[in-house]
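Thanks for coming. I will go through one model this morning, strand pairing first, then rings, then a few backbone details.

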Amino acid sequence: MQNIQPISQDLIYVGVSDRRTALFENVYPIPRGVSYNSYVLLDEKTALFDTTDASVASQFFENVQAALAGRRLDYVVVHHMEPDHAATLMDLMLRYPEAMVVTTAKAAQMMEQFFGSKPAQLQAVKEGDTLSLGRHNLVFTMAPMVHWPEVMMTYDTTDKVLFSADAFGTFGALSGNIFADEVNFEGEWLNDARRYFVNIVGKYGQPVQVVLKKAAALDIQMICPLHGPVWRSNLEWFIGKHDVWSRYEPEEKGVVIIYGSIYGHTEAAAMRMGTLLAQRGVKNIKAYDASRTHTSKLVAECWRASHIVLACSTYNNGIFTPVEELLHDLKAHAFQNRTWALIENGTWAPQSGKLMRAELEQMKDISIIGDTVSLKSAAAPAQEEQLATLADAIAATL
């Protein structure tokens, strides 16, 4: 059964949501699922914007057929060649061999890499090229490294719609409401939007800034991303979030406490730090067990908050594995511009504090507050003062 929705007079949503896949890109948990967005624009000529992941191919092809309602498909615009958006491209071309594929030269090269060939009819476009469908005029703008090198976006000058590829996307399946103003986005979607951006695009802050400057020059009334809800109101708020995230600035003043604890003693010190901070008037404190919280969420929380307390046991004379994974992931995503405080533990030779500091010092614009609080097996009563002194230093910078 087809499941399409009109977005505007000429634009139809033909995307599909997926609640069966457990890991996006086989690494990021998506308990709320994900949508693979695709759009059909009907004019004198017809255009399909992107295809979908192979996992939802059957529903996707039904949707496209229903949206076209017997009409010829004239153009297929491919913004991004990652398989969650392009895996069904060649199957689509078997169904609509007359269609012209419009994409970048680099994407055309990737088509040969993925499929062993490229579509028979292909038009490579570059920055500023245009395509008229009749009433609608499309302008193509390049968005390299947001987050692959071949990415482009399309701006419909008629209805002032930006087809934004992976930019402005989010994890989360759609349930019928396809517009961001139809859901509780800030309460139920923002965490997934942040986690999506940070883990998928976060490394490429500078290219995102370039795209945001391009977007600022356009009169955008609607954003149609490849994942998540369509934006037709409050665009400035959501674009502003991406501006902050891509500049690596804290989204909020607050403290995230992340601990790696083997038998609970390091956890106890971390939780005491939370209480001491609260007693000093610090609000918006959140604590996470690194062993039980997926790294992608921890990275996103580090992106959100201004201050991070990292408490970690020494393990095999090194950093406890879950915390080590977090630090490596933060470095891989070019994390920067945050304030840290450290607590270490070790029964006979505490090493994790020194090693965590060394990892953090490889990141840009990192500030480490005070001395590392060093535990041996468990916090001694005298170390309450050390924890309090560190809490004073954190609170003073908030």
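Strand 14 and strand 15 (residues 161-163) run antiparallel and are joined by three bridges. Strands here are DSSP runs of E of at least two residues, and helices are runs of H or I of at least four, both numbered from the N terminus. Two strands pair if DSSP finds at least two bridges between them. Thr 154 has Phe 163 in strand 15 as its bridge partner. The two strands form a hairpin with four residues between them, and Lys 160 in the turn has a positive phi of about 60°.

Before I go on, this is a predicted model: local features need pLDDT of at least 70, side-chain atom pairs count only at pLDDT 80 or more, and totals for chains, interfaces and linings use all residues. Residues are numbered from 1 along each chain as its sequence is written, and side-chain values use heavy atoms, with hydrogens and water left out.

Strand 14 also has a partner in strand 13 (residues 137-142): five bridges join them, and they run antiparallel. In that pairing, Thr 141 stands opposite Met 153.

Is strand 14 enclosed or open? Five of the five residues in strand 14 (residues 152-156) are buried, so the strand is largely enclosed by the rest of the structure. Buried means under 20% relative accessible area, exposed means over 50%, and partly exposed is in between, with a 1.4 Å probe and protein chains only. On one side of strand 14 sit Met 152, Thr 154 and Asp 156, and on the other Met 153 and Tyr 155.

The loop between strand 13 and strand 14 holds His 147. The peptide bond from Val 146 to His 147 is cis, with omega near 5°.

Now the rings. Rings of Phe, Tyr and Trp (its six-membered ring) pair if their centres lie within 6.5 Å; planes under 30 degrees apart count as stacked, over 60 as edge-to-face, and the rest as tilted. By this rule there are 22 aromatic pairs. One of them is Trp 303 with Phe 335, with centres 5.4 Å apart and planes at 55°, so this pair is tilted. Trp 303 is in helix 9 (residues 295-304) and Phe 335 is in the loop between helix 10 (321-332) and strand 21 (339-345), so the pair ties together parts that are 32 residues apart in sequence. Trp 303 and Phe 335 are both buried.

Another pair, Tyr 315 with Phe 320, is edge-to-face, at 5.2 Å centre to centre and 75° between the planes. Phe 320 is buried, at 10% relative accessible area, whereas Tyr 315 is partly exposed at 37%. Tyr 315 belongs to strand 19 (residues 305-315).

Which residues do ring pairs link into a cluster? They are Phe 168, Phe 185, Trp 189, Trp 231, Trp 237 and Phe 238. Arg 32 lies over the face of Trp 189, 4.3 Å from the ring centre. For a charge to sit over a ring, NZ of Lys or CZ of Arg must be within 6 Å of the ring centre and within 35 degrees of the ring normal. Arg 95 lies over the face of Phe 61 at 3.8 Å.

Phe 168 is found in the loop between strand 15 and helix 5 (185-201). Phe 168 has a positive phi of about 65° although it is not a glycine, and at 4% relative accessibility it counts as buried.
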